[in-house]
Every structure is written in structure tokens, then in C-alpha cells.
Amino acid sequence: MPRAAVCREIGSPLEIVDVDLQAPKAGEVRVRLGASGVCHSDLSVTNGTLLSPLPSVLGHEGAGVVEEVGEGVTNLAPGDHVVISWVPQCGECYFCKHGQGELCEPGSAAAMSGGLLDMTSRFSAGGQPLFQMAASGTFSEETVVPAIGAVKIPGDMPLAAAALIGCGVLTGFGAAVNTADIAKGDTVAVVGCGGVGLNVIQGARHAGAERIIAVDMNDGKLQTAQKFGATDLVNASDGDPVATVMELSGGRGADVAFEVIGLADTIDQTFNMARRGGQAVLVGVPKMDVMTTIPAALGFVIMEKQIRGCWYGSSNVHQDIPKYARLYTEGKLMLDELISNEITLGGVNDALANMGSGSIARSVIKYS
Ligand code: APR
Ligand code: ZN
Ligand code: ZN
């Protein structure tokens, strides 16, 4: 019986319990997790910001080893090392065929349902069914996921580093290299330098940005941002961050500005610090009732600014996960440096509580 961290209701700490895990059905695989990152979206489920059916096994940033495959699975075999994708991508639906696998029809429906592709979960405890967050459920020693939601990586890649690819890297690095149009020499601003924002920063550097202005309220996070490639650091608590970014970019504004928190105020700031003709890319997930008001004439038409939403870094996970594993091996993607704290499953509540602390980029649960 695997042990798992279960969120029973909004506002309660996760409970660490033994769970029952059904065998994989057709088209599914059972994965023994090696590691799982603790992401802000996990916290967002526990506090009601992100709506996800409860009770549920949380966790959606994981990597592990395939133990068992269901009927008809041909792309994976026991022993394969995989990163779990929290949007399973079928490759066949309208969105997958139009280069927008992050919006995959069956994959998104499964992720929203708290189950797998047939909308049912494989977890239960004491006879009570438990949902699994985002078709994943990586806060568990083992999970069952769709075979199209597990992507093979080289067997010698450390699983703690690989786990971070599953959300923070795909989302953040992808926002910079897939969603945004960053040209060589560009000036980029990144508002929010947590686990995801740091990946936007290293993605922007990879895309050729010359100046990368990191904005955060926490000096510790800004110092980490510098290690990931930020060239200018702005503490948002010292005056108006929009004015500071304007000043740093010759009064013009950033070619591309990213919001990586999910707050109404910082979304406004991000839009305002993008230059005329530039882009604001929204990566952070706001509460469902957050609205944004932009002057239509001045903001969009006369200044010709664009806002782009970014879901899962606009990633094709079947291409991008192996690509990121390769970049890591070549020393071009910092993953070990993102891990500030290795914990056991029992430490997950502390990790969620410490998320705001300046010293933590990512806490990673290591399973033995
Ligand atoms: N101004 C500037 N920075 C801020 C502000 C603010 N008003 N409020 C919070 N921050 C900073 C925090 O100091 C922290 O460094 O935003 C960062 C958020 O980082 P994390 O909590 O580590 O969150 P992360 O896991 O990076 O996720 C960010 O992306 O995927 C989504 O759901 C996720 O919405 C969340 C966002
Ligand atoms: Zn996440
Ligand atoms: Zn699809």
C-alpha cells in the first residue's frame, strides 16, 4: 500500500495516509515515484485558489520509474524512467494537431475531473474514492497515470532534477521559449521569482534576452534570480516597480514582461511595464474571480500591446520533456540549483507553509 498526502478539504493540512491503488487499466501505467516537487499550485488547491475536486491526492510535478503497464501500452515498458505531464497529450485531437497540446481535449478534461482519461481515479482510502490532482497525484509513493501523460527520459538522469521538469520547467521555460516572442538582445521583465519565475528567467536567457529584469518582494528570491540569469534586480516593495522597470529600459518598457504570481495588481503592473508594441505574458494562475481592466484604446490599439495567456508553457510535452532532459545533461538547464530543500513525504505541510520564504526555490519530496 503506497503512502500518500491527501487534501480532504480546503484549509486543512494534508493527511499522510496509506492508500489503495488500483492496477493500471488499458492505456495507463503505474509509476513508482522517485521525487515530486512542491509547487505553488498545490498550495493553491489547499487554499481554494485553484479549484480541484476533493478529497484528492495532490502533487503534479513528479518523475519516477514505470512498474506496470496496462493493456495496449506500447510507448512505455516496466523499468522506463518518466516525467509525468499534468496535461496528458493525445497527439490526435484538434488542439494537439494544431500545435497546442497544452490544451489537449481529453487531457484537459481528465486533469480537470480529478481522474484519468475515463474521468475516474485509481486511488481510494478505507473504501472512499480519492481524486488525483491533474491526472497525476505525485504526492504518493506510487501512482497510475495515462500512458500519454508519462514521457520517457534517460535512465541515468537524477529523478529529483527530472521531477522539476514536470511543472516548473515546462511552465516557466516554456513561457519564455514557446509562448512569448523573445528576440535576441531583448529586454525582458519577470514579475515573481519563485520556482516557476526562475525558469522563465533561464528560458529568457536561452531565447537570447540580453537584459532580464527580475521583480520580487523578497531579496532572497532576487538573489537566486541573479544566479539563474537576471541582470537587474527590482524589489517591488521599494517604490513603484513599473517606474523602475521603465527607468531600466530607457523609458520604453520591456519587450516582453511576464507575470508569474497570479495577482490582479501584479498583472496590471506587468501590462504597464511592457513597451509599446510589446507583450505581457500571464503565467501565474489567479483566483477564478480576478478580473483585469485595461483601457482598450490606449492599452491595446494605440500602444499596440499584446496580452498572452500561458498554460503549461504552451508545451508539447512529448517533444519538450526529452529536450529539457538533454539540455540538463549538456549543462544548459539549471535544475539541481532549483532544489533548495529535499524532504520526505511527511514534510509536505511544512514545505507548503514555507513557500513564501526567501530561501526556498523548490522543496522536493524524495521517495526511497
Ligand atoms: N510583487 C512581487 N513579487 C511577489 C508579490 C508581489 N506583489 N507577491 C508575491 N511575490 C513573489 C514571491 O515572493 C515569490 O517569490 O512571487 C513569487 C511566487 O513564487 P512561488 O510561491 O514559488 O510560486 P511558483 O511555484 O513559482 O508559482 C507561481 O505560477 O504555476 C503558477 O500556480 C502557480 O500561480 C502560481 C505561479
Ligand atoms: Zn505546478
Ligand atoms: Zn490531444
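Predicted model: local features only at pLDDT ≥ 70, side-chain atom pairs only at ≥ 80, totals over all residues.

Q: Which residues come nearest to ligand 1?
A: A residue is near a molecule if one of its heavy atoms lies within 4 Å of it. There are 19 residues around ligand 1, and H40, S41, V196, D216 and V285 come nearest.

Q: Which polar atoms lie by an oxygen atom of ligand 1?
A: A polar contact is a pair of N or O atoms within 3.5 Å; within protein, one must be able to donate a hydrogen and the other to accept it, and residues adjacent in sequence count only if both atoms are side-chain atoms. S41 places a polar side-chain atom 2.7 Å from an oxygen atom of the ligand. A polar backbone atom of M217 is 3.5 Å from a nitrogen atom of ligand 1.

Q: How much of the accessible area of ligand 1 does the protein cover?
A: Accessible areas come from the Shrake-Rupley method with a 1.4 Å probe; for residues, only the protein chains shown count as cover. On its own, ligand 1 has 740 Å² of accessible area, and the protein covers 89% of it.

Q: Which elements and domains supply the shell around ligand 1?
A: Helices (H or I, at least four residues) and strands (E, at least two) are DSSP runs, numbered from the N terminus. Helix 1 (40–46) and helix 5 (195–206) are the elements that give two or more residues to the shell. Domain bounds come from an automatic or database domain assignment. At least three shell residues come from each of domain 1 (3–169 + 314–366) and domain 2 (181–309).

Q: How many disulfides does the model have?
A: A disulfide is a covalent bond between the sulfur atoms of two cysteines. The rule asks for a pair of cysteine sulfur atoms within 2.5 Å, and the count comes to zero.

Q: Is C96 buried or exposed?
A: Buried means under 20% relative accessible area, exposed over 50%, partly exposed in between (1.4 Å probe, protein chains only). C96 counts as buried because its relative accessibility is 16%. C167 is also buried, at 4%.

Q: Where does T74 lie, and how far is T74 from S12 in space?
A: T74 lies in the loop between strand 6 (62–69) and strand 7 (81–84), and is exposed because its relative accessible area is 77%. T74 and S12 are 62 residues apart in sequence and 40 Å apart in space, C-alpha to C-alpha.

Q: Which residues does a cis peptide bond join?
A: The bond joins L54 and P55, with omega about 0°. P55 is in the loop between helix 1 and strand 5 (56–57).

Q: What is phi of M119, and where does M119 lie?
A: Phi of M119 is near 70°, a positive value in a residue other than glycine. M119 lies in the loop between helix 3 (105–113) and strand 8 (123–125).

Methods. Residues numbered from 1 in each chain as written. Chains lettered and ligands numbered in written order. Heavy atoms only, no water.
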